[in-house]
Amino acid sequence: MSTYFLIIIYLAFISLGLPDSLLGSAWPVIWPEMGSSLGSAGIISMIIAGGTIVSSLFSNTIVKRLGTGRITFVSCILTAASLFGFSMSPSVLWFIVMAVPLGLGAGAVDAALNHYVAEHYKAHHMSWLHCFWGVGATLGPMIMAVNLVHAQSWRGGYAVVASIQFGFAMILLVTLPLWKRVAATREPQLPAALSGNLQDEAAVNLKPQENTIRLRGVKPTLLTFLLYCGIEAMVGLWGASYLVGARGVAPDTAAAWISVYYAGITVGRLITGFITLKVHNRLLIRYGQLVTIIGGAILVIPLHPALSLAGLILIGLGLAPVYPGLLHETPARFGKENSARLIGYQMAVAYTGTTLIPPLFGLLSVGTSIAVFPFAVLTLLIFMFCSAERVNQLLGQSMLGRE
């Protein structure tokens, strides 16, 4: 039953990814119709991110009161209602109002589902979980594109995605009793290396903490999450501008290459899900980051512009195992009793990175040149690698498993 129940969780992550790319794909049509400005999308996006950060920070408390199943159902209803509100929006102000419940719903379900999978399922399921988020994020713009071509209205795109979300909420409502039942049938999933005596040692050392931020290794872990999500979003937002402005690539080709970058992350997570069956998460995280650094170095070297595509693909593939791998390691590194709160913090910091790092690079590029993009990416990738390795150093071999 627990394996079949995973289908529900995977569907939940597809539904989580569906709205994420809608605003960007529809905004070129929305803002002229609303009499707004191109830059207003940034305000709406920041409000969504703000709601996500807030609900992530309080996700531990909310999950304790409602349980993962109920919070997933409520979050799905919130996002569906917000998207339906977008489809009926008469003005940008209405978009801003609807952005609040959309962000709150997205943050709560993200943290709750990540914690549920980290605690009850093995590492490959975490990779596939985030792979299915990519499926949703890919389908969202496709649904919007079909509506823009045939119905010639962005409102139809939002209405279709809202209907899908409402339909999935009904599935969640029917399956609510399964969440606790499945959890009760599964032992907490710690890495294989923490079995036996090492697991006993871990259980002694990993006690519940009131101030989880002070746990050894938490601060560099949070920094790693901030950098990861900031880099992922920065490459997606500014990569095409760099290719066009600094390397002379045609705009449509640059857009296609960025799509390949995102496809690299999604396909990479599908592949690393299988690799985690044989290779420890820590090694995957380390080698994934080394691959991203190689990709960043290729971007820096002024070779033929076509090699920039190779750099972007390597960065996408290398990023693939990092985020789900770090999330799945949380209970093993910091204790099962601390993991729910910490995953909420990790989600909040990750969304902070997504919100802050891309616009900060925008300011940097305005003050200098878009040509600094590969240098900024490579620098951040090296910082992320050092931060992740600092966690390994602080926690030591006994807590992280043997290679």
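## Largest cavity

Ala 12, Ser 15, Leu 16, Thr 72, Ser 75, Cys 76, Thr 79, Ala 106, Val 109, Gln 165, Phe 168 and Leu 172 form the lining of the largest cavity. A cavity here is a set of points on a 1 Å grid over the protein atoms alone where a 1.4 Å probe fits but cannot get out, and lining residues have an atom within 4 Å of a point. The volume of the largest cavity is about 80 Å³; a volume is the space filled by probe spheres set on the points, with grid points joined across faces, edges and corners. Two or more lining residues come from each of α1, α5, α6 and α8 (154-174), and α5 has the largest share, four residues. By class the lining has seven nonpolar, five polar and no charged residues. Ala, Val, Leu, Ile, Met, Phe, Trp, Tyr, Cys and Pro count as nonpolar, Asp, Glu, Lys and Arg as charged, and the others, Gly among them, as polar.

## Model and conventions

This is a predicted model, in which local features need pLDDT of at least 70 and side-chain atom pairs count only at pLDDT 80 or more, while totals for chains, interfaces and linings use all residues. Residues are numbered from 1 along each chain as its sequence is written, and side-chain values use heavy atoms, with hydrogens and water left out.

## Overall fold

The chain has 17 helices and zero strands; these are DSSP runs numbered from the N terminus (helices H or I, at least four residues; strands E, at least two). Along the principal axes, the C-alpha atoms fill a box of roughly 65 × 55 × 35 Å.

Of the 403 residues, 54% are buried, where buried means under 20% relative accessible area, exposed over 50% and partly exposed in between (1.4 Å probe, protein chains only). Among contacts in the chain with a separation of 6 or more, 82% join residues 24 or more positions apart; contact means heavy atoms within 4.5 Å.

## Other cavities and a pocket

The whole structure holds three cavities of 30 Å³ or more. The second largest cavity, with a volume of about 40 Å³, is lined by Arg 282, Ile 285, Arg 286, Gln 289, Leu 326, Arg 333, Ala 388, Glu 389 and Asn 392.

A pocket is an open set of points with protein on both sides within 12 Å along at least five of seven lines. The elements giving two or more residues to this lining are α4 (59-66), α5 (68-87), α6 (92-120), α9 (176-185) and α16 (336-367). Eight lining residues are nonpolar, six polar and seven charged.

## Aromatic pairs

There are 18 aromatic pairs. Rings of Phe, Tyr and Trp (its six-membered ring) pair if their centres lie within 6.5 Å, with planes under 30 degrees apart counted as stacked, over 60 as edge-to-face and the rest as tilted. Phe 5 and Tyr 116 are an edge-to-face pair, 6.4 Å centre to centre with 65 degrees between the planes. This pair joins helix α1 (residues 2-17) to helix α6 across 111 residues.

Phe 5 also pairs edge-to-face with Trp 179, with centres 4.8 Å apart and planes at 85 degrees. Here helix α1 is linked to helix α9, and the two residues are 174 residues apart. Phe 5 is buried at 2% relative accessibility, and Trp 179 is buried at 3%. Tyr 116 is buried too. Elsewhere, ring pairs link Trp 27, Phe 86, Phe 95, Trp 154 and Tyr 158 into a cluster.

Met 384, in helix α17 (residues 373-400), is buried with a relative accessible area of 0%. Beyond its neighbours within four places in sequence, Met 384 contacts Thr 224, Leu 227, Tyr 228, Ile 231, Gln 289 and Leu 319. The C-alpha atoms of Met 384 and Thr 224 are separated by 5.3 Å, although the residues are 160 residues apart along the chain.

Ala 255 lies in helix α12 (residues 251-275) and is partly exposed at 42% relative accessibility. Ala 255 and Leu 102 are 153 residues apart in sequence, with 27 Å between their C-alpha atoms.
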